[in-house]
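Keep the viewer open as you read.

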Amino acid sequence: MIRAILSNRQRPDIPPVSIEFPITSYSEIYQNLADIGIGHIAIRDCFVTELDGDYPVLKRLQETEINVDELDYLAKRLESFDRYELAQFQGAAVSQEFSDMTDFINLTFCCQGVTVVQDFTDLEAVGRSHYMNLHGGLTADELQTVDFRKVALSLLLNEDGIITPYGVVYASGLTSYGSQPHDIRTNFSLIEQAHRRLAKVVIENKDFEKLIRQYDRPVSFFYLDPPYFETESYYKNVGEDGFGREDHIRLRDALMSIEGKFLLSYNDCAFIRDLYDAPGIQIKAFTRINNIKQRYDNGAQFSEIILANYDLQERSRHEPQQLNLFSCIP
């Protein structure tokens, strides 16, 4: 959260407005700003008299003029960051001496490529974190085969780190918001493919229950990926009250009565297993690498399940099979 006191620099006689970001009551806040002659949709006309909150580096915005919508957007971006991403963002901002809103916003899109070392005693963890920053994640094979200690030593011996309050920052010459030049013309073929694929696709924004009823037929197939149970708070603006326990139950009830087929993905937990413990429902469990936790918990896996109201092995059983000598019955 960010708390800011905003004033009209041209009218120091008017009391300032105190706002918490992200904004929750837009109409009230915009009216308060309009009352003191600031809050324009496109102009940086809000003078930051004071700013504090969860991100100390943003104090650099004090005594500057900002646009309230830009600060609200920045607050929403940072709210989704985990603690290491916040260290990356703030460490990179200090190392690059950023103090402008545009720089802060742009940095939220590229700070994940920066390595911040807060503990030099665990070279394995340092190397793993740096490798993930460079490659955007880890596969299960890489987790077993990459020498992360060697990766860490290469980083520490060959690059100059910058000491910041958030750790030692290895920014690899971070001077722009793109790691490599990019020719936009290379995207044209992808745009054309997307155009052909989506030409007859209908995109709607409705409650899932209404959509299921609308499109349900004996030949319909529904794939559903709802907010995972007890992680609903990760999702913003999912209805007025979010996606709660009653919505998971409502989704189950809607799916149990359809004519078509459904495939549903969830986190593996007792509540969801009990919810779909019914005749005709198949459940298949699997795990995948939890990339977010790799920096703190080496080898961490995330357990998931898929649920279906049809035979999950149906397709493989109907595929042509290669016969061999041992398949023949005399």
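Predicted model: local features only at pLDDT ≥ 70, side-chain atom pairs only at ≥ 80, totals over all residues.

A disulfide is a covalent bond between the sulfur atoms of two cysteines. Here a pair must come within 2.5 Å to count as one, and by this rule there are 0 disulfides. Cys111 is buried, its relative accessible area being 0%. Cys46 is also counted as buried, at 0% relative accessibility.

Cys46 brings us to Leu6, which is in contact with it. Beyond its neighbours within four places in sequence, Leu6 also contacts Pro16, Val17, Phe21 and Leu33, among others. In soluble globular proteins, nonpolar side chains tend to be buried together.

Now step back to the largest nonpolar core, which has 45 residues; Leu6, Phe21, Leu58, Leu71 and Phe89 touch the most other members. Several elements each supply at least two residues of this core, including strand E1 (2–7), strand E2 (17–21), helix H2 (68–79) and helix H3 (83–95). The largest share, 7 residues, comes from H3. There is also a second, separate core of 22 residues, with Phe229, Ala254, Ile272 and Ile305 among them.

Finally, take a look at the surface. Ile184, Phe188 and Ile191 form a nonpolar patch there, with about 330 Å² of accessible area together. You will find Ile184 in the loop between strand E7 (167–170) and helix H8 (188–198). Ile184 counts as exposed because its relative accessibility is 53%, and the cut-off for exposed is over 50%.

Conventions
Residues numbered from 1 in each chain as written. Heavy atoms only, no water. Buried < 20%, exposed > 50% of the residue type's maximum accessible area, 1.4 Å probe, protein only. Patch = residues over 30% accessible without salt bridge, like charges linked within 9 Å, V, L, I, M, F, W, Y side chains within 5 Å. Areas by Shrake-Rupley, 256 points an atom, 1.4 Å probe, with all protein chains shown as cover. Salt bridge = Lys/Arg side-chain N within 4 Å of Asp/Glu carboxyl O. Helix = DSSP H or I, 4+ residues; strand = E, 2+ residues; numbered from the N terminus. Core = buried A, V, L, I, M, F, W, Y, C linked by side-chain atoms within 4.5 Å. Contact = heavy atoms within 4.5 Å.
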